[in-house]
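Morning, everyone. Please have a look at the structure on the screen, and I'll walk you through a few spots.

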Amino acid sequence: MEVDLIDGTYELFRHFYALPSAKDSEGREVAAVRGVLGSLLSMMRAGRTYIGVATDHVIESFRNRMWPGYKTGQGVDPQLLAQFPLLEETLNALGVVVWAMEEYEADDALASAAFLAGKDPRVKHVVISTPDKDLAQCVQGTRVVQLDRRRRIERDEQGVVQKFGVKPSSIPDYLALVGDAADGYPGLPGWGAKSASAVLSRFGRLEAIPPNALDWQVNISNLKSLSEVFNSKRSGLSLPRPCYASN
């Protein structure tokens, strides 16, 4: 069994900005919904039958209470927002499993589904279709992989290491250091991809990084200033992460 987990929010945004406008008989904008449906139907015709789609039914989540600068629905085109319920309704009618998220996010649904599918002995392969860097933390060997459908790039665990310089389990810590513009998270001043990957490839998690830079034993410049910034922010340093199902 192969399981496909689709980031419906990303797909709706992608098709909204890629396709020309189209109206239904009631005058509603439906081009993005048509685009997503066409994409999923192509998958089904190719033999992919175990498909789940997650959407952000409400853009904001509990993470907005954790981080004031976290992404919101502000500035999103109303004609795009109006297509979320229509997409969810249409996918349900098509027989596709839909997780319309409110308190949590589409990322959380995808992460939980990947976790559960990865534990199921009947499942041989799980494909998480999203370019979101957050979801790289869910990759497991070659069994659970991440796919950017637009660019047709698939990453297994080794691919994640090649891209970010750290293992999937360190991705949340990596993004906490370098930031994630898509989520409105700035990261730490002075920390970039090279310094973050060098330190985390050695220590794995933020909590394991020694306060004294002399103990890091990594070949990067500005160790003293990096450690000062890290230590000054250490107590409050975190990145809102996808929430996994535990059973």
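Start with helix α8, residues 171-178: seven of its eight residues are buried. Buried means under 20% relative accessible area, exposed means over 50%, and partly exposed is in between, with a 1.4 Å probe and protein chains only. Helices are DSSP runs of H or I, at least four residues, numbered from the N terminus.

A word on the source: this is a predicted model, so local features need pLDDT of at least 70, side-chain atom pairs count only at pLDDT 80 or more, and totals for chains, interfaces and linings use all residues. Residues are numbered from 1 along each chain as its sequence is written, and side-chain values use heavy atoms, leaving out hydrogens and water.

What covers the buried residues of α8? The cover includes α7, α9 and α10, counting contact as heavy atoms within 4.5 Å. Just after α8, Gly179 takes a positive phi of about 90 degrees.

Now the rings. Rings of Phe, Tyr and Trp (its six-membered ring) pair if their centres lie within 6.5 Å; planes under 30 degrees apart are stacked, over 60 edge-to-face, the rest tilted. The whole structure has five aromatic pairs. One of them is Phe164 with Tyr174, edge-to-face, 5.6 Å centre to centre, with 70 degrees between the planes. Phe164 sits in α7 and Tyr174 in α8, ten residues apart. Both are buried.

Next, Trp191 and Phe230: centres 6.2 Å apart, planes at 55 degrees, so the pair is tilted. Trp191 is in the loop between α8 and α9, and Phe230 is in α10, so the pair ties together parts 39 residues apart in sequence. Trp191, Trp216 and Phe230 form one aromatic cluster.

Notes
Helices (H or I, at least four residues) and strands (E, at least two) are DSSP runs, numbered from the N terminus.
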